[in-house]
Amino acid sequence: MPQDSSHHRSPPPSQQPRPARETGPHRVVVIVDENSNPFELGCTTEVFGLRRPEIGRALYDFRLCSPEPSTLMRDGFFTLTGVAGLEAADASDTLIVPNRPDVDVPRRPAVLDSIRRAHARGARLVGLCSGAFTLAEAGVLDGRRATAHWQWADSFRARFPAVRLEENVLFVDDGDILTAAGSAAALDLGLHIVHRDHGADAANAVSRRLVFAAHRDGGQQQFIERPVPDLPDESLAPVLAWAQEHLEMPLTVSDLAARAAVSPATLHRRFRAQLGTTPLAWLTRERLALACRLIERGATQVDAVARRSGLGTAANLRALMRRERGLTPSAYRQRFGPGTR
């Protein structure tokens with residue numbers, strides 16, 4: 001099992017994305033190629049392409065492009081037409097590359113050239129599921145961290161030994177190149193990108209509309225096939241909901257265990273099995289997320305934010321924000337505070 005934060009570390013400040021262009025929102029372009037997966041295409045459209053009246057502003061300028069006027073999607077489910085040509089990729093701020101199940105079939109040279117040009121001019125690159133193969137084939141992942149679906153980990157490692165593959169995580173953020181492990185992990189990574197670009201409130205708003213957790217703990221190991229035991233309902237949902245309403249209190253693992261009417265040892269086992277993390281790590285993450293929301297909404301006193309989020313001291317808050325967000329509280333306020341978006 002990976003470390004608790006291995007799949008959602010933020011990049012250092014030097015690798016944080018540039019602000020949106022003055023001429024409009026950040027432009028996200030998805031390349032769709034022959035045999036691309038419809039699911040990931042739907043995920044990118046849901047996260048980056050929909051209007052957000054609940055937020056009150058456009059988050060992204062989203063468009064699709066393809067190297068051919070007519071693109072047959074995976075297994076011939078349908079044919080995609082009416083999208084821009086591949087030249088649209090040259091205007092992207094973030095370029096999402098094609099993924100498809102036939103990972104051993106070479107990508108079109110024109111697609112690979114588009115990826116190389118985007119990388120050379122500083123665009124952010126995103127590979128979803130087998131999209132990591134596309135990025136690696138373009139040569140932009142050598143020496144970089146990345147992930148791919150666990151089913152293809154051995155094949156990926158054999159073909160691209162220069163890439164630092166992290167196979168037990170949901171996604172990897174390596175600054176200007178981000179990769180997601182599998183189909184549903186496209187949503188995890190998409191929400192992470194929204195959080196990175198627009199802050200916690202925007203990411204939470206998108207996740208609520210998707211009815212999908214803004215952050216899932218654990219890694220790919222929890223999704224590898226294994227027998228399903230016949231167990232009574234042991235859902236953590238009630239105790240998690242209760243804890244989220246009482247984060248400012250000095251909650252302990254014993255408090256959570258008492259609320260769930262189990263022993264601390266049993267609570268630990270359930271957290272590991274259901275969330276892939278520990279109760280204390282989960283509490284810390286939730287408190288940090290609350291602190292970020294408070295800063296985004298205008299709180300300026302670091303001591304007060306630490307107190308209201310249950311993190312205790314300003315020093316503890318600063319240390320956690322540096323470790324998990326790559327930013328100090330003041331830098332986070334400058335980027336995501338009121339009036340900055």
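**Notes on the cavities, sheet and helix packing**

1. The lining of the second largest cavity divides into nine nonpolar residues, two polar and no charged, where Ala, Val, Leu, Ile, Met, Phe, Trp, Tyr, Cys and Pro count as nonpolar, Asp, Glu, Lys and Arg as charged, and the others, Gly among them, as polar. About 50 Å³ of space lies in this cavity, and among its lining residues are Cys43, Val47, Phe48, Val126, Leu128, Leu189 and Ile193. Helix α1, strand β7 and helix α5 (185-198) each supply at least two residues of that lining.

2. The model is a predicted one, in which local features need pLDDT of at least 70 and side-chain atom pairs count only at pLDDT 80 or more, while totals for chains, interfaces and linings use all residues. Residues are numbered from 1 along each chain as its sequence is written, and side-chain values use heavy atoms, with hydrogens and water left out.

3. The structure holds two cavities of 30 Å³ or more. A cavity here is a set of points, on a 1 Å grid over the protein atoms alone, where a 1.4 Å probe fits but cannot get out, and lining residues have an atom within 4 Å of a point; a volume is the space filled by probe spheres set on the points.

4. The largest cavity has a volume of about 80 Å³ and is lined by 13 residues, of which Val30, Ile31, Leu41, Val97 and Asn99 lie nearest its centre. By class, this lining has eight nonpolar, four polar and one charged residues. Both β1 and α1 supply at least two residues of the lining, and the largest share, three residues, comes from α1.

5. Seven strands form an open sheet with mixed pairing, in the order β5-β2-β1-β6-β7-β11-β10; helices (H or I, at least four residues) and strands (E, at least two) are DSSP runs, numbered from the N terminus, and two strands pair if DSSP finds at least two bridges between them. The edge strands, each pairing on one side only, are β5 (84-85) and β10 (171-173). Strand β2 (residues 60-66) pairs with β5 in the parallel sense over two bridges, and serine 66 has glycine 85 in β5 as its bridge partner.

6. Helix α1 (residues 38-49) lies across β1 (26-31), β2, β6 (94-96) and β7 (124-128), and runs at about 155 degrees to β2. Helix α3 lies across β7 and β11 (177-180), running at about 135 degrees to β7. Axes are lines fitted to C-alpha atoms, for helices over the stretch in contact, and angles run from 0 to 180 degrees between N-to-C directions.

7. The axes of helix α2 (residues 109-120) and helix α3 (residues 131-138) come within 9 Å and cross at roughly 75 degrees, so α2 and α3 are roughly perpendicular to each other, a term that covers 65 to 115 degrees. Leu112, Ile115 and Arg116 in α2 meet Thr134, Leu135, Glu137 and Ala138 in α3, contact meaning heavy atoms within 4.5 Å. The residues of this contact divide into four nonpolar, one polar and two charged.

8. Helix α6 (residues 200-210) packs against helix α10 (residues 279-296) at an angle of about 115 degrees, with their axes 8 Å apart, and α6 and α10 are therefore roughly perpendicular to each other. Ala200, Asp201 and Asn204 of α6 make the contact with Cys292, Arg293 and Glu296 of α10. By class, the contact of α6 with α10 has two nonpolar, one polar and three charged residues.

Notes. Parallel < 35°, antiparallel > 145°, perpendicular 65-115°, else oblique. 1 Å grid on protein atoms, 1.4 Å probe; cavity = no way out; pocket = protein on both sides within 12 Å on 5 of 7 lines; lining within 4 Å.
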